[in-house]
Amino acid sequence: MQENNSADLRVIRTKESIRDALVALIEEKGFEAITVKDITTRAKINRGTFYAHYQDKFDLMTKCEEEIMHEMTRIANQNFPGLIEVLESDTPTLAPNPIAIATLEYINQNSEFMKAMLGPKGNLTFQSRLKEFLWKTIFSDGPNSFIREENLLVPGQYLASYIASAHIGVIQKWLESGRQESPLEMANILSTMTIKGLAYAAGLKK
């Protein structure tokens, strides 16, 4: 049992080293320019160790993205009852969005990876997957749906694209600026702009 635990720990550490190397290299030269040799050199492992876990750099990127999206989906599902409670309260615009807070806390914990992925040298497919995640969170066909398309005043695809692009843009700015605000403060900022509206956030409407 002890040997298995040690082996599992080695695998975890190896994957962390590979992921850290990927993040650092994306910041330096961009994902497209990175080679497997770059990654193995930076992670201080041999090519055989890399290929024991990943087929190539694209497989590495895909698995990293899948891990992030899986965890963010779990966070959304776990905090959905709390969001419904906020929306059904007497003063919903004053209460923080529990899904937003938990998601921003997760992004904060994985800030280096998220900054690299969402930065100018990152992978655009990750942004697309993040937008799709936000779309499903907002307009899911399952039980965890809090906006129904039949109730909308504008086409759902445009509303979801607007909300997703705006949220990702704010998160990018937060990461670029060194995360001066806490996840709770950022959740309140997003809530002010999204729920109360841009006119209110800009001081044009009381």
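How are α5 and α8 oriented to each other: roughly parallel, roughly antiparallel, roughly perpendicular or oblique? They are oblique. Angles under 35 degrees count as roughly parallel, over 145 as roughly antiparallel, 65 to 115 as roughly perpendicular and the rest as oblique.

This is a predicted model, in which local features need pLDDT of at least 70, side-chain atom pairs count only at pLDDT 80 or more, and totals for chains, interfaces and linings use all residues. Residues are numbered from 1 along each chain as its sequence is written, and side-chain values use heavy atoms, with hydrogens and water left out.

**The α5/α8 pair**

Two packed helices are described by the angle between their axes and the distance between the axes. Helix α5 covers residues 98-109 and packs on α8 at about 40 degrees, with the axes 12 Å apart. Axes here are lines fitted to C-alpha atoms over the stretch in contact, and angles run from 0 to 180 degrees between N-to-C directions. Helices are DSSP runs (H or I, at least four residues), numbered from the N terminus. The crossing of α5 and α8 is right-handed, meaning that the near helix is turned clockwise from the far one by less than a right angle. Leu104, Ile107 and Asn108 of α5 meet Ile171, Trp174 and Leu175 of α8. Contact means heavy atoms within 4.5 Å. By type, five of these residues are nonpolar, one is polar and none is charged.

**Helix α8**

Helix α8 has 21 residues, 156-176. At 1.5 Å a residue it should span 30 Å, and its end C-alpha atoms are 30 Å apart, so the two agree. The expected span is 1.5 Å times one less than the number of residues. Buried residues of α8 include Ile171, Trp174 and Leu175.

**Selected residues**

Buried means under 20% relative accessible area, exposed over 50%, and partly exposed in between (1.4 Å probe, protein chains only).

| Residue | Class | Relative accessible area |
|---|---|---|
| Val11 | partly exposed | 33% |
| Lys44 | exposed | 77% |
| Glu65 | buried | 3% |
| Arg179 | partly exposed | 31% |

Val11 sits in α1 (residues 2-29). Its C-alpha is 9.7 Å from that of Thr49, 38 residues away in sequence. Glu65 belongs to α4 (residues 57-87). Leaving out residues up to four places away in sequence, Glu65 touches Asn123, Thr125, Phe126 and Arg129.

Lys44 is not a glycine, yet has a positive phi of about 60 degrees. Lys44 lies in the loop between α2 (36-43) and α3 (47-51). Arg179 also has a positive phi, near 55 degrees. Its loop joins α8 and α9 (183-196).

Terms used
Helix = DSSP H or I, 4+ residues; strand = E, 2+ residues; numbered from the N terminus. Nonpolar A, V, L, I, M, F, W, Y, C, P; charged D, E, K, R; others polar.
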